[in-house]
Amino acid sequence: MSKAYSQSKALGAITKASFLANLKNPQSLVFSLVFPLVFVFIFGAFGGGGLTKFKLALAPNCNTANILFETLSKQPFISFQRYTDTALMRSDLEKGKLVGVIDIQQIHIPDTSFKNTKPVFTLHIKSTSASAAELSQLKPLLENIDNSLEKKLSGNTSQFVTITTEIYNVREYKQIDFVLPGQIGFSLLFSTLFGIAFTFYNLREQLVLKRFYATPVNRLNILLGIGFSRIFFQLINVLVLITVGHFFLGFTLAHGALTFIEMVSLSILLLMLLMGVGLIISSVVKNDTMIPLVINIFSLPQMLLSGTFFSISVFPQWLQTCCKILPLTHFNLAMRKISFEGASIIDSWQNIGVLALWTVGIYIIVLRVFKWE
């Protein structure tokens with residue numbers, strides 16, 4: 001008599017085989033495990049545990065040899081930025097990178113018990129309209145420190161520090177001034193990589209590149225012709241984004257048409273870089289299903305760590321150093337300098353230099369790995 005077929009064993013065997021297949025599939029592992037871990041790690045690094053930090057600088061003659069400055073330095077919500085260049089400090093203040101510049105001065109010598117009723121220190125904060133909202137959040141915290149210090153030292157709550165503020169108006173830094181350059185870079189990154197990688201992979205698989213190669217047309221012209229068509233298409237997107245952002249959303253073009261031209265020129269450099277990356281990806285993948293995986297491995301760090309959606313200043317210092325290696329970080333920084341600060345491409349030479357080095361390195365790899373068939 002034949003043994004009854006076991007459905008439960010069949011179910012177990014199918015489940016086991018399918019599970020092992022998933023483990024052997026790199027795309028399943030990357031998209032289901034690696035990417036979520038990267039997101040958790042990056043967003044978990046925000047702001048040192050989620051606490052808002054107010055960046056302050058010290059005035060040149062600020063008195064730091066006192067209990068008030070010592071107490072402020074220990075506050076987890078205050079981060080003192082050191083400047084040797086006062087012009088740079090003023091520039092960062094006007095851009096909203098600093099909440100303010102503080103000046104602490106001792107105006108009375110307290111008695112040994114700190115029980116005099118006159119304020120002992122003045123704390124003057126110089127800020128701008130770019131940081132007025134943050135200053136309004138910081139001031140009550142400073143007043144609480146004043147009350148705590150006086151209560152601790154003298155047992156009462158008489159005024160220990162006189163806090164004054166000075167706010168002067170600067171050009172408004174709108175949210176769109178940060179968002180639009182990042183969105184341009186984000187759009188160029190993914191659309192160019194997917195467009196170039198899939199286009200050249202399909203042309204190779206269909207033997208179109210091989211047929212082109214057999215013609216008298218110069219090989220470089222074949223690559224440039226196909227690549228430039230993609231670049232021109234992406235440049236149209238850049239033109240539309242900047243135009244709509246400026247006329248409908250108030251995006252700042254510091255020098256008008258000149259700034260517009262410089263932003264487009266910088267976009268062309270990034271497009272050339274990304275075209276090279278796309279050529280590499282199209283040459284190294286074994287099949288077209290691997291293209292999205294490889295693109296995301298290259299693009300995910302760029303998307304999250306390059307200041308596309310939020311400033312890299314929210315990360316710990318060591319991670320900010322890693323961010324500054326990425327090409328999209330330098331594209332975003334240069335675009336924001338050019339558009340809002342009115343810097344020229346020459347003024348952004350460091351960012352342009354990093355992009356140029358990436359471009360040269362990528363095309364050296366292209367020369368080694370590109371395949372015609």
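I started with helix 10 and helix 14, which pass each other in a left-handed crossing (left-handed if the near helix is turned anticlockwise from the far one by less than a right angle, right-handed if clockwise). Their axes come within 9 Å and cross at roughly 25°; axes are lines fitted to C-alpha atoms, for helices over the stretch in contact, and angles run from 0 to 180 degrees between N-to-C directions. That angle makes helix 10 roughly parallel to helix 14, since angles under 35 degrees count as roughly parallel, over 145 as roughly antiparallel, 65 to 115 as roughly perpendicular and the rest as oblique.

I then listed the contact (heavy atoms within 4.5 Å). By class I have 16 nonpolar, three polar and no charged residues here; Ala, Val, Leu, Ile, Met, Phe, Trp, Tyr, Cys and Pro count as nonpolar, Asp, Glu, Lys and Arg as charged, and the others, Gly among them, as polar.

A note on provenance: this is a predicted model, where local features need pLDDT of at least 70, side-chain atom pairs count only at pLDDT 80 or more, and totals for chains, interfaces and linings use all residues. Residues are numbered from 1 along each chain as its sequence is written, and side-chain values use heavy atoms, with hydrogens and water left out.

So I checked confidence (pLDDT, the predictor's own, from 0 to 100 for each residue). The protein has a mean of 82, and 82% of its residues reach 70 or more. Helices are DSSP runs of H or I, at least four residues, and strands of E, at least two, numbered from the N terminus.

Next I turned to the other partner of helix 10 on my list. Helix 9 (residues 219-249) packs on helix 10 (residues 257-284) at about 145°, with the axes 10 Å apart. I noted this crossing as right-handed. Among the residues that meet are F228 and L235 in helix 9 and F260 and M272 in helix 10. The class count is 13 nonpolar, four polar and no charged.

Last pair: helix 7 (residues 175-205) and helix 13 (residues 327-341) come within 9 Å at their axes and cross at roughly 140°. They are therefore oblique to each other. This contact divides into nine nonpolar, four polar and two charged residues.
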